[in-house]
Amino acid sequence: LFDMLMGVYQALLVFATLVIKFKGDYCKFDRDWRASNYCILLGILYTLSSHGSLLSIVHLSVVRAITLLSNNTIYIRRSVILCVSAALLCLNVINSIIPVIPLPFVQDIFRTEIYLTYP
């Protein structure tokens, strides 16, 4: 599921890139683009898909390691695996939505600009 979301994200990103390329003036609309709902949606989609794939791989690897290292003496019930998967999914959704919450203390954490000082 998460890998499919990454494919959708990449297709939308390619589409947005082509639109910007043919328009030719991205620098003028940089702030507008980053504040738009499309950019926010792409950011959430990217975070969901990339972190979701990673969490799935880690979860399956831990279950597999426990099973193999215990020489199949420890049996992990299907309900436990599903509950952990659901908890990881909820954690992933929360993690992907936190950066777009319009609260000052959240916005201070997730900055969109880098300020450089030159001597």
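Helices (H or I, at least four residues) and strands (E, at least two) are taken as DSSP runs and numbered from the N terminus. The model described here is predicted, so local features need pLDDT of at least 70 and side-chain atom pairs count only at pLDDT 80 or more, while totals for chains, interfaces and linings use all residues. Residues are numbered from 1 along each chain as its sequence is written, and side-chain values use heavy atoms, with hydrogens and water left out.

H3 has 33 residues and spans 47 Å from its first C-alpha to its last, close to the 48 Å expected at 1.5 Å a residue, where the expectation is 1.5 Å times one less than the number of residues. Just after H3, Asn 71 adopts a positive phi of about 55°.

Buried residues (under 20% relative accessible area; exposed is over 50%, partly exposed in between; 1.4 Å probe, protein chains only) in H3 include Leu 42, Leu 45, Leu 48, His 59 and Val 63. Ser 49, also in H3, counts as buried because its relative accessibility is 1%. The side chain of Ser 49 reaches the backbone oxygen of Tyr 46 at 3.1 Å.

Leu 54 also lies in H3 (residues 37-69), but counts as exposed because its relative accessibility is 53%.

Turning to the cysteines, the structure holds 0 disulfides, a disulfide being a pair of cysteine sulfur atoms within 2.5 Å. Cys 83 counts as exposed because its relative accessibility is 54%, and Cys 90 counts as partly exposed because its value is 48%.

Note on methods
A polar contact is a pair of N or O atoms within 3.5 Å; within protein, one must be able to donate a hydrogen and the other to accept it, and residues adjacent in sequence count only if both atoms are side-chain atoms.
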